[in-house]
Amino acid sequence: MLFEVGLKDIIDILLVALMLYYIYRLMRDSRSLNVFIGILVFVVVWVFVSQVLEMRLLGTILDKLVSVGVIALIVLFQEDIRKVLYNLGAHQRMRRLANLFTSKKSREQKKSGVKQDIMPVVMACMNMSRSRVGALIVFERSMPLDDVVSTGDRIDASINQRLIENIFFKNSPLHDGAMIISEHRIKAAGCILPVSHDMDIPKELGLRHRSAMGVSQESDAVAVVVSEETGAISIAVRSEFRLRLSAEELESLLTKELG
């Protein structure tokens with residue numbers, strides 16, 4: 001007997017495929033990918049045994065394992081689940097939907113505040129680029145970076161061009177770490193970021209770039225890098241690099257991502 005496949009079934013299959021692909025994209029750069037593939041194989045076997053072969057005893061055992069396994073997965077992958085939910089909430093379409101419920105005055109005030117945050121960073125990056133001073137500046141967005149902040153020295157200062165340049169001055173003790181900017185303040189400096197081990201990152205990019213990519217993979221943060229070797233300015237956001245940016249491009253990208 002052949003299966004009757006209707007439009008609803010096709011939509012159901014497509015939605016499941018999209019959900020699995022989205023989870024795969026989120027986990028492919030983490031150590032959880034092999035576990036995710038193992039779980040996927042188990043689910044396929046479970047469905048095949050219980051629904052297709054209709055093996056009642058084995059199907060019942062697998063049903064019990066699945067019911068217990070869901071709780072175990074929530075405990076084991078709580079950080080990954082939290083990341084998925086943050087990424088969904090931080091998605092550009094979700095942000096546009098949220099903007100519908102905010103007043104025009106509030107949106108204009110937010111844009112003005114973002115502009116005041118961005119310009120000192122852009123000017124400092126351009127000066128450091130000309131002087132070949134390395135820098136790594138991270139803008140926190142919806143995902144908190146408290147664990148990263150705790151690795152550095154808390155500053156809690158207003159965003160100031162001269163302060164940024166002094167922190168990344170070559171003889172400064174905070175020169176090699178990352179600066180975290182959150183809620184219109186420089187929250188901390190000298191912070192240690194997670195390093196990406198992605199093999200697709202060009203070999204000419206150093207540790208600062210790998211750290212910027214790492215934090216963009218682990219969170220929704222925007223990381224700005226000034227290369228000490230070349231003076232080139234780059235941005236890492238959503239696990240992607242934008243390399244060799246001009247002042248105008250840097251300002252435009254930061255306004256788009258933070259606005």
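**Loop residues with positive phi**

Arg 244 lies in the loop between S7 and helix H10 (247-258); helices (DSSP runs of H or I, at least four residues) and strands (runs of E, at least two) are numbered from the N terminus. The structure is a predicted model, in which local features need pLDDT of at least 70, side-chain atom pairs count only at pLDDT 80 or more, and totals for chains, interfaces and linings use all residues. Residues are numbered from 1 along each chain as its sequence is written, and side-chain values use heavy atoms, with hydrogens and water left out.

Task: determine what phi Arg 244 has, and what phi Arg 238 has.

Solution. Step one: most residues other than glycine have a negative phi. Step two: phi of Arg 244 is near 50°, a positive value. Step three: Arg 238 also has a positive phi, near 50°, and sits in the loop between strand S6 (233-237) and strand S7 (240-242). Step four: for accessibility, buried means under 20% relative accessible area, exposed means over 50%, and partly exposed is in between (1.4 Å probe, protein chains only). Arg 244 is exposed because its relative accessibility is 64%, while Arg 238 is partly exposed at 42%.

**A strand residue and its surroundings**

Task: find which residues Ser 234 touches, leaving out those up to four places away in sequence.

Solution. Step one: Ser 234 belongs to strand S6. Step two: with a relative accessible area of 3%, Ser 234 is buried. Step three: its contacts (heavy atoms within 4.5 Å) include His 209, Ala 223, Val 224 and Val 225. Arg 242, Leu 243, Arg 244 and Leu 245 are touched by Ser 234 as well.

**Salt bridges**

Task: say how many salt bridges a search of the whole structure finds, and locate the partners of Glu 251, Lys 187 and Asp 176.

Solution. Step one: side chains of opposite charge can pair when their charged atoms come close. The criterion is a side-chain nitrogen of Lys or Arg within 4 Å of a carboxyl oxygen of Asp or Glu. Step two: the search gives 7 salt bridges.

Step three: Glu 251 pairs with Lys 115, and their closest N and O atoms are 2.5 Å apart. This pair connects distant parts of the chain, with Glu 251 in helix H10 and Lys 115 in helix H6 (residues 104-130), 136 residues apart. Glu 251 is partly exposed at 21%, and Lys 115 is partly exposed at 38%.

Step four: Lys 187 and Glu 140 form a salt bridge at 4.0 Å, N to O. Lys 187 is in strand S4 (residues 185-191) and Glu 140 in the loop between strand S1 (135-139) and helix H7 (146-149), 47 residues apart. Both Lys 187 and Glu 140 are buried.

Step five: Asp 176 and Arg 208 meet at 3.9 Å, N to O. Asp 176 is in the loop between helix H8 (161-167) and strand S3 (178-182), and Arg 208 is in helix H9 (residues 207-218), 32 residues apart. Asp 176 is exposed at 65%, whereas Arg 208 is buried at 15%.

**Backbone oxygens reached by a side chain**

Task: identify which backbone oxygen lies 2.6 Å from a polar atom of the Arg 141 side chain, and which one the side chain reaches at 2.7 Å.

Solution. Step one: Arg 141 is in the loop between S1 and H7, and at 18% relative accessibility it counts as buried. Step two: the oxygen at 2.6 Å belongs to Asp 220. Step three: the oxygen at 2.7 Å belongs to Glu 257.

**Confidence**

Task: find which element of the protein chain has the lowest mean pLDDT and which the highest.

Solution. Step one: pLDDT is the predictor's confidence in each residue, from 0 to 100. Step two: the chain averages 81, and 75% of the residues score at least 70. Step four: where pLDDT is low, the predicted coordinates should not be read in detail.

Notes: A polar contact is a pair of N or O atoms within 3.5 Å; within protein, one must be able to donate a hydrogen and the other to accept it, and residues adjacent in sequence count only if both atoms are side-chain atoms.
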